[in-house]
Amino acid sequence: MKRKFRQIIRRALQVCIWFFILYLGANIIARGTKILFDKPLGEIIEDAVEEMTEKLGIVIMKNTGFVFSYLYDEKETHNIVSKIYKKTYLLKESVPEEIVYPSGDNLYGDLLADFLMKKEFEEDKESAIPVITIIPDYYGDGQGEGDSDDEPVGEVISPFIRPLAPVVIGKRYTLSQLMDFDVLLKNFYAVETNTAVNKTILDVAEMLDADMTLRGEDTKYPQILIFHTHSQEAYKDSRPGMVDDTVVGMGAYLAEILERDYGYHVLHITTTFDCINGKLDRSAAYEYAQEALKGILDAYPTIEVVLDLHRDGVNEDVHLVTEYNGKKAAKIMFVNGISRFKDNEIGYLYNPNLAGNLAFSFQLQLKGEAYFPGLMRRTMIKAYRYNLHFLPKSALVELGAQTNTVEEARNAVELLAVMIGEVLQ
């Protein structure tokens, strides 16, 4: 009996000694990490768990083929789980490996998706998650949506006024002139050969009567979306690798002006829909952009205006330029896709907002003609849809061409902002 009692006491002492050793060890580790890393052990453990959680998300995406976005919330730094699955940027049940979805655009600048930009993931060439983190040093110089070769060779210089103080110095059209279909086509539209328009499609009275103003709600959420189906389009003197010198940079400048001078809330998406595996590939850019637009507009129902900013491709001897206040500006053209060929509609490209699209570009064109004579090219009418079907106030804008300079494009952005502001206010 005494022997058994002694064994119990001995084991109890051994347990106590081990607990004491563990306690001392934990204190030594805690104090040591505090000295070495200048942060408590609890924070180090939390950081390690958080990193493990991030990597677990990568593993989930690799194995499921889902593309998720994770949202960081700085106010919830102690709740790791709450940072996961709060928002989905783009969710597809089947993601082909060749599709490239960038994680670094400023739609979700604070998303955990930025983790994919780290070098360890970039170097994972076998990854099934299609991600691009930089815009390649490549600029296409081919034809754009406008595909216009009927522009005059050389420069067309016209006087302009100071931006943001629009005064009618250009041409004003009477209603009777605009109602004349031949006058309308001659002055405002260039129609692609595989399609056709008529008075029913280009209903001047309807286009002029359409209310293109913003609802004026007091909202802190985005009202205008700017994106680029062809993000790699750049200009004559664009510096390789400099995003500011591309249409993406022009989109950022346009967003800045609309927010600063007009008070609009603008969401600018820099997603590179026209790149596959880091190389230019426009074969499915509109399809990729369409998927993203669905998610963005669902997430932000306050958005009323969608602007797809491009630059056109023209013959190398064509320079689309005008002048205001001694500053040269690239010419601007709108593109309308009407979802029809000459003889029939394209049913699978139905656009419920076609009338609104036509009205929006027409009203913008009229502002440009009135304020900035010489700036506007005729609106190009094409057969397809170009993702203009989501909202009535949607426009595809060609900001100059590959023969324009970056400065000319930026100067044109200032005038485009005036036109947009005047139509929306």
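Here is a walk through this structure, from the whole chain down to single residues. Keep in mind that the model is predicted.

Let's start with the big picture. The chain has ten helices and eleven strands, and 49% of its 425 residues count as buried. If you take contacts between residues at least 6 apart in sequence, 79% of them join residues at least 24 apart.

Now for the inside. In soluble globular proteins, nonpolar side chains tend to be buried together. Here the largest nonpolar core holds 61 residues, and the ones touching the most other members are L184, I224, L254, L307, F360, L399 and L416. Helix α10, covering residues 406-424, gives the most to this core, with twelve residues.

Of its 18 residues, 15 are buried, so α9 is largely enclosed by the rest of the structure.

S339 sits in the loop between β9 (332-337) and α9, and its phi is near 55°, a positive value in a residue other than glycine. S339 is buried, because its relative accessible area is 6% and the cut-off for buried is under 20%. R340 lies in the loop between β9 and α9 as well. Is R340 buried or exposed? It is buried, with a relative accessible area of 18%. Beyond residues up to four places away in sequence, R340 touches T195, A196, I201, E345, I346 and A383. Y386, in the loop between β10 (379-382) and β11 (393-401), also has a positive phi near 55°. Y386 counts as buried, at 14% relative accessibility.

Next, the charges. A search of the whole structure finds ten salt bridges. One of them pairs E304 with K393, at 3.6 Å from N to O. This pair links distant parts of the chain: E304 is in the loop between α8 (285-299) and β6 (305-312), while K393 is in strand β11, 89 residues apart. Both E304 and K393 are buried. Another bridge joins K327 and E414, with the closest N and O atoms 3.5 Å apart. Here K327 is in strand β8 and E414 in helix α10, 87 residues apart. K327 counts as partly exposed at 30% relative accessibility, whereas E414 counts as buried at 15%. Then there's a network of salt bridges linking E256, R260 and D261. Within it, the closest N and O atoms of R260 and D261 are 2.9 Å apart, and D261 counts as partly exposed at 33% relative accessibility.

I9 has its place in helix α1, which covers residues 2-37. Together with L13, I17, W18 and I21, I9 forms a nonpolar patch on the surface, with about 520 Å² of accessible area between them. I9 itself is partly exposed, with a relative accessible area of 38%.

Notes
Residues are numbered from 1 along each chain as its sequence is written. This is a predicted model: local features need pLDDT of at least 70, side-chain atom pairs count only at pLDDT 80 or more; totals for chains, interfaces and linings use all residues. Side-chain values use heavy atoms; hydrogens and water are left out. Patches are made of residues with over 30% relative accessible area and no salt bridge: like charges are joined within 9 Å, nonpolar side chains (Val, Leu, Ile, Met, Phe, Trp, Tyr) within 5 Å. Accessible areas come from the Shrake-Rupley method with a 1.4 Å probe; for residues, only the protein chains shown count as cover. A salt bridge is a side-chain nitrogen of Lys or Arg within 4 Å of a carboxyl oxygen of Asp or Glu. Helices (H or I, at least four residues) and strands (E, at least two) are DSSP runs, numbered from the N terminus. Buried means under 20% relative accessible area, exposed over 50%, partly exposed in between (1.4 Å probe, protein chains only). A nonpolar core is a set of buried Ala, Val, Leu, Ile, Met, Phe, Trp, Tyr and Cys residues joined through side-chain atoms within 4.5 Å. Contact means heavy atoms within 4.5 Å.
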